[in-house]
Amino acid sequence: QVQLVESGGGLVQAGGSLRLSCAASGRTFSSYPMGWFRQAPGKEREFVTAISWSGASTYYANSVKGRFTISRDNAKNTVYLQMNSLKPEDTAVYYCAVSKFHDRPLETVVTRYDYDYWGQGTQVTVSS
């Protein structure tokens with residue numbers, strides 16, 4: 001059974017930074033791409049970013065490109081999301097997830113249906 005546990009969320013002012021972590025256990029973590037999604041109240045869960053199993057490739061939604069950075073440490077079974085220059089519209093619950101697909105291009109794994117294990121989420125609130 002795969003378990004994902006996110007941490008690092010909180011309340012921050014616009015322009016500030018947060019770093020989210022996602023600790024994984026249960027599956028061979030290093031063999032699969034990982035992604036971050038977010039869901040604001042009343043909205044669909046949306047793709048934020050993904051990283052390949054090796055960490056060599058990343059892919060970002062246009063809304064966060066240049067502000068967010070995804071990384072992973074396979075030795076620690078952890079994936080990170082560094083969020084800079086935060087905006088009020090970044091307010092959401094952030095979820096990490098494990099992709100179903102070992103080696104598909106990251107730009108093709110951008111829907112929630114491409115991922116089969118999810119964390120419980122961590123709240124990020126950006127005040128204006």
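Let me start with Cys 22, which counts as buried at 0% relative accessibility; buried means under 20% relative accessible area, exposed over 50%, and partly exposed in between, with a 1.4 Å probe and protein chains only. Before going on, the source: this is a predicted model, in which local features need pLDDT of at least 70 and side-chain atom pairs count only at pLDDT 80 or more, while totals for chains, interfaces and linings use all residues. Residues are numbered from 1 along each chain as its sequence is written, and side-chain values use heavy atoms, with hydrogens and water left out.

What is Cys 22 joined to? A disulfide links Cys 22 to Cys 96, S to S 2.0 Å, where a disulfide is a pair of cysteine sulfur atoms within 2.5 Å. Cys 22 lies in strand β3 (residues 18-25) and Cys 96 in strand β9, so the pair ties together parts that are 74 residues apart in sequence. Strands here are DSSP runs of E, at least two residues, numbered from the N terminus. The link is right-handed, with 55° about the S-S bond. Cys 96 is also buried, at 0% relative accessibility. A search of the whole structure finds one disulfide.

Now the sheet that holds β3. Four strands form an open sheet in the order β1-β3-β8-β7, with antiparallel pairing; two strands pair if DSSP finds at least two bridges between them. β1 (3-7) and β7 (68-73) are at the edges with a single partner strand each, so one side of each has no neighbour in the sheet. Five bridges pair β1 with β3 in the antiparallel sense, and Ser 7 stands opposite Ser 21 in β3.

Next, strand β11. Strand β9 (residues 92-99) pairs with β11 in the antiparallel sense over three bridges, and Ala 92 stands opposite Val 124 in β11. Strand β2 (residues 10-13) runs parallel to β11, joined by four bridges; the bridge partner of Gln 13 in β11 is Ser 127.

Last, Thr 122, in β11 (residues 122-127). Its relative accessible area is 10%, so Thr 122 is buried. The Thr 122 side chain reaches the backbone nitrogen of Gly 9 at 3.2 Å. Beyond neighbours within four places in sequence, Thr 122 is in contact (heavy atoms within 4.5 Å) with residues including Ser 7, Gly 9, Leu 20 and Ala 92.

Note on methods: Polar contact = N/O pair within 3.5 Å; in protein donor to acceptor, adjacent residues only side chain to side chain.
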